[in-house]
Every structure is written in structure tokens, then in C-alpha cells.
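Here's a quick walk through the inside of a protein model. Have the viewer open and follow along.

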Amino acid sequence: MIKWSTVDTPAGPFTAVVDGEGAVLASGWTAQLDELLPLISPALLSETPVEAADLGAVTEAIRRYHDGDLHAVDGTPVRQKSGPFRELAWEVLRKVPAGEPVSYAEYAALAGRPQAVRAAASACARNAAALFVPCHRVLRSDGSLGGFRWGAPVKRWLLEHEAGLAS
């Protein structure tokens, strides 16, 4: 059964959609399920999600991250479907340490295609599982924030939260 739930966080309401095995299909700083559903590959969305008060380990990880445990989300399973480069890029993004943001060019290089900066940026833009696949840790080459589906204030909050706690 696919479930969804919203948790209040210091950065705003955060909603996650998980499959029957507890893997995150989509997540972000919104209270609106309708903002997340279009991000999920139709191959992964076999039924209409049911609202739940709590998503168990996923809800716990969300709370712990926002409370200061920056590694709380690291082991949470995520399922996203796309082309081979984008899927690899999302896996690579999960290895970018909290408090150590990279540029889009550095991210492309980490993903094995240093010339594919636009493709790397596209992987960030099409990431359905924000926080669990930390696209907020990618910045423009000049250090400015760049885009973020959930807004610049949320991205800034996340980066400041991580910079203040990373060791």
C-alpha cells in the first residue's frame, strides 16, 4: 500500500510518499500531495496513496534530520525511475556530505560526465525525493543558490542547518 503523510518542520510542512516496502517515492516541503504525485514515475505509482498519521522509519528520519541528526535520512530507501544517467546521478547525490555543497560542474564530474553540467542540473530539477536525495547541496559555480523546487528560503535554511551542524 502506498502511503503519504505530512510532518511539521522548522523549514515548513514536509510531505513524503512511500511504497509498501517503506521506500520514498516522492517528498518535499509542501502539505499538498498533489504537488508530489506528478513527480513519481507512473511505473512506481500503482495505486492512489492513502494518508497515514505516521510513516514509521521515514517520519522518524524526517524529524531527526530537522532536529539536527544530519545523517538520519542517509539510509532511507528511495525509488525513482528515469534514464541511466539520471538514476546514477541521484545515487551520486546521496553521497554528497551534509555541510559540503558542490557546484553543478563538480556534481557532473562526480557522476562521471564532467561535460554534462546541464544533465546534472536536470537530474536535480527532476529529483522527486528531496531531502533523501539532497539536491539542495548543489550550488551554482559562483556559490549562489540556483534553483530549488521548494523555494530559495527552504534551500537556504537547509544549507545553513547543515553548515551549522556538520562536523
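## The nonpolar core

A nonpolar core here is a set of buried Ala, Val, Leu, Ile, Met, Phe, Trp, Tyr and Cys residues joined through side-chain atoms within 4.5 Å. Buried means under 20% relative accessible area, exposed over 50%, and partly exposed in between, using a 1.4 Å probe and protein chains only. You're looking at a predicted model, where local features need pLDDT of at least 70, side-chain atom pairs count only at pLDDT 80 or more, and totals for chains, interfaces and linings use all residues. Residues are numbered from 1 along each chain as its sequence is written, and side-chain values use heavy atoms, with hydrogens and water left out.

The largest core holds 53 residues, and Val17, Trp29, Val58, Leu93, Tyr107 and Phe132 have the most contacts inside it. Helix α3 supplies the largest share, five residues.

Which residues does Phe132 touch, leaving aside neighbours within four places in sequence? Among them are Phe14, Val24, Val58, Ile62, Val78 and Arg94, with contact meaning heavy atoms within 4.5 Å.

## Aromatic rings

Rings of Phe, Tyr and Trp (its six-membered ring) pair if their centres lie within 6.5 Å; planes under 30 degrees apart count as stacked, over 60 as edge-to-face and the rest as tilted. That rule gives three aromatic pairs. Phe14 and Trp29 have ring centres 4.8 Å apart and planes at 70 degrees, so they sit edge-to-face. Phe14 is in strand β2 (residues 12-18) and Trp29 in the loop between β3 (24-28) and α1 (33-36), so the pair ties together parts 15 residues apart in sequence.

## Strands and a helix

Strands pair if DSSP finds at least two bridges between them. Strand β1 (residues 3-9) runs antiparallel to β2, joined by seven bridges, and the two form a hairpin with two residues between them. Ser5 has Ala16 in β2 as its bridge partner. With β4 (residues 50-51), β1 runs parallel through two bridges, and Lys3 stands opposite Val50.

Over in helix α5 (residues 117-125), the buried residues are Ala120, Ser122, Ala123 and Cys124. The buried residues of α5 pack against α3 (84-93), α4 (104-110) and β6 (138-139).

Definitions and conventions: Helices (H or I, at least four residues) and strands (E, at least two) are DSSP runs, numbered from the N terminus.
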